[in-house]
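Here is a short report on one protein model. Have the sequence and the 3D view open as you read.

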Amino acid sequence: MEWIERSGLKLGVFPALEAVAPGLEVIITTRAGGVSAAPFDSLNLGGALGDREKNIRTNRRALLLALDIRPRMLARTGQIHGAQIAEVSRGGAYRGFDGFVTSKRGLTLAISTADCYSVVIYSPPERALAALHVGRKGAERGIIARAAGILGLRHRIDPAYAIACVGPGICGACYAVSREDARRFPRSVTRLARGVWHLDLEAFIIGELESCGLPSKSVFRSQLCTSCNPALFYSHRRDGGATGRHWTLATIRSAGECAR
Ligand SMILES: [Zn+2]
């Protein structure tokens, strides 16, 4: 991932997309450049966490203006750590869903995270896009395979031609889980260190994408841990729940229109 600056906001992009998925825009926000006070400082985009509504609105407006996204062309989930995916062609708040699928050009899909991973799957030939919120529970419930299934059935994609972007999330060293939770995952993505189980959720996600048929060379990672990088990212675990949210924004555009 590389950084760009737009109107004082520090944003992450995947430069590799220009060659492999022209027309796909993926933007990761950081906590820099907003108006919220601690512990939400400063570009908090998540509601109902304790931050002032006015600040959240100001932050969201600044982000959408900086990226030239019209509010009515923004689709947001009301994430519940499930595996439900909404097929959308217009903006709005979709409660009860943890993911979106669309082929609508110019519609921005927003995924809100603070330790959980955002996963974007895109197939250039069909111009079909999925954006997912993938935490431990959603991963375990198979949200990635479900998205790949919808893209295959409804949009006739061939995963061999699809690409994926995995956003920042909590790394295996930072993510301690109970023994029960660790046992729900393959042994290859868990580790026992000094009596504490750890889950490498990113490794599990990449394994899921590959078992859905995406080539490993087509899976791009931010390689940044939300918990290890307090200056850049919110972390639900690190901050004991009192923290904000960043967004991953995915949009199908014309090749020359992407913010990069
Ligand atoms: Zn970490």
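Which residues does Ser42 touch, not counting residues up to four places away in sequence?

## Ser42 and its surroundings

Ser42 touches Arg31, Ala32, Gly33, Gly34, Val35 and Ser36, with residues up to four places away in sequence left out. Touching, or contact, requires C-beta atoms, placed from the backbone, within 7 Å. Ser42 sits in the loop between β3 and α2 (53-67). Helices (H or I, at least four residues) and strands (E, at least two) are DSSP runs, numbered from the N terminus.

Ser42 counts as partly exposed because it has 16 C-beta neighbours inside 10 Å. The scale runs as follows: buried is 20 or more other C-beta atoms within 10 Å of a residue's own, exposed is 12 or fewer, and partly exposed lies in between, with C-beta atoms placed from the backbone. Ser42 and Gly244 are 202 residues apart along the chain, and their C-alpha atoms are separated by 8.4 Å.

## Basis of the model

This is a predicted model: local features need pLDDT of at least 70, side-chain atom pairs count only at pLDDT 80 or more, and totals for chains, interfaces and linings use all residues. Residues are numbered from 1 along each chain as its sequence is written.

Strand β1 (residues 2-6) pairs with strand β2 (residues 9-13) in the antiparallel sense, over five bridges. Pairing requires at least two DSSP bridges between two strands. Glu5 stands opposite Lys10 in β2. Two residues lie between the strands of this hairpin, and Ser7 takes a positive phi near 50° there.

β2 also runs antiparallel to strand β3 (residues 24-29), joined by two bridges. Here Gly12 stands opposite Ile28 in β3.

## The β12-β14-β13 sheet

Three strands make an open, antiparallel sheet in the order β12-β14-β13. Its edge strands are β12 (176-177) and β13 (190-193), each pairing on one side only.

Four bridges join β13 to the antiparallel strand β14 (residues 196-199). Within this pair, Thr190 has Leu199 of β14 as its bridge partner.

## The nonpolar core

The largest nonpolar core has 66 residues. Such a core is a set of buried Ala, Val, Leu, Ile, Met, Phe, Trp, Tyr and Cys residues joined through C-beta atoms within 7 Å. Val119, Ile121, Ala147, Ala164 and Ile205 have the most contacts inside it. Strand β10 (residues 128-134) gives the most to this core, with six residues.

Ile205 touches Tyr117, Val119, Val134, Ala139, Ile144 and Val166, again not counting residues up to four places away in sequence.

Technical notes: Two residues are in contact if their C-beta atoms, placed from the backbone, lie within 7 Å.
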